[in-house]
Amino acid sequence: MAHAGTFFFDKTGTLTAGKPMVTAIRPADGFCEDALLAFAAAVERGSTHPIAAAILDQAAKRGILQRTAGQISVIPGFGVNGIVDGKSVGVFAGSTGATGGETRIQVVVDGLPAGEIDLFDPPRPEVAETVRHLIALGAERIAILSGDSAAAVRRIADAVDIADYRSRLKPEDKLSTIEASSALNPVFTGDGMNDAPSLKAAAVGIAMGLRGSDMALSTADIVLMNDTIALLPFLIRLSRKMTRTIKISIAVSLMINLVAIAFGAAGMLSPIMGAVTHNIGSIFVVTLSSSIVFTRET
């Protein structure tokens, strides 16, 4: 982490608050809003993804009768399929129609478009300042890697002052992007199951702890327990201090031992004084290492 040069972020649930809200429901011919929402909620039930939570919350507010879906299959980075009342229902993210920055969900019933649901998830208020701190600490590249539509990713990127972003990425696309930047010690921060390969491939994988999937949490090197992304600059400063401390400890220990060996070989250091000298070095290293506990977030 002390030598991190590139920072990649997932969008939904990482840079955003992870609490999207349904802003529009547009059913196709033959469907009403409640029917469209009921189909979507049925296949999304049980999912931990923020989009699923928003759809289920909207269905609950409308008092829509809960349906049960079977044969659920998840397509990482794309959507989910299931069988509802004998009909094949698919809920897929990132259709081409979203132009206002919303996340657009397309619902397909028996292979035919049933309508679309728009959601918007605002960015976390601390992200823009965090990005500025990362740049001040020497970050060479900061980018968003998202499976969402270009308009939705651009809206968040503009809000948090990140000029570099990529949209409509599948998990393997994120992975290849991170692997291509391996020379710059890439750090990837994400929260979803589809982020697990990227978290593993990055030099440092950081997962959001509160809403992160079990797969992401078990794969990541670091977990932000309170989803406090503003701690990333502090993490870098702490890592750099730890690295300096390790180097100083090694150098001082070697110097003390070399001097003690030289004096011992010359007959100027008794066995007792040799033991004392050795322990002086150990005390110094332990004391210096313990000083890290006083490092605080600024």
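Rings of Phe, Tyr and Trp, the last taken as its six-membered ring, are counted as a pair if their centres lie within 6.5 Å. In the predicted model described here, one aromatic pair is present. The pair is formed by Phe-31 and Phe-39, with ring centres 6.3 Å apart. Planes over 60 degrees apart count as edge-to-face, and the ring planes of Phe-31 and Phe-39 stand at 75°, so the pair falls in the edge-to-face class. Phe-31 is partly exposed, its relative accessible area being 27%, whereas Phe-39 is buried, with a relative accessibility of 7%.

A further ring contact involves a charged side chain. The ring of Phe-120 has the charged end of Arg-155 over it, at 3.8 Å from the ring centre.

Helix α2, residues 33-44, and helix α3, residues 50-61, have axes that come within 9 Å and cross at roughly 130°. By this angle α2 is oblique to α3, and the crossing of α2 and α3 is left-handed. On the α2 side the contact is made by Leu-37, Ala-40, Ala-41 and Glu-44; on the α3 side it is made by Ala-52, Ile-55, Leu-56, Gln-58 and Ala-59.

Thr-130, His-133 and Leu-134 of α4 are in contact with Leu-232, Pro-233 and Ile-236 of α9.

Definitions and conventions
Residues are numbered from 1 along each chain as its sequence is written. This is a predicted model: local features need pLDDT of at least 70, side-chain atom pairs count only at pLDDT 80 or more; totals for chains, interfaces and linings use all residues. Side-chain values use heavy atoms; hydrogens and water are left out. Rings of Phe, Tyr and Trp (its six-membered ring) pair if their centres lie within 6.5 Å; planes under 30 degrees apart count as stacked, over 60 as edge-to-face and the rest as tilted. Buried means under 20% relative accessible area, exposed over 50%, partly exposed in between (1.4 Å probe, protein chains only). A charge sits over a ring if NZ of Lys or CZ of Arg is within 6 Å of the ring centre and within 35 degrees of the ring normal. Axes are lines fitted to C-alpha atoms, for helices over the stretch in contact, and angles run from 0 to 180 degrees between N-to-C directions. Helices (H or I, at least four residues) and strands (E, at least two) are DSSP runs, numbered from the N terminus. Angles under 35 degrees count as roughly parallel, over 145 as roughly antiparallel, 65 to 115 as roughly perpendicular and the rest as oblique. A crossing is left-handed if the near helix is turned anticlockwise from the far one by less than a right angle, and right-handed if clockwise. Contact means heavy atoms within 4.5 Å.
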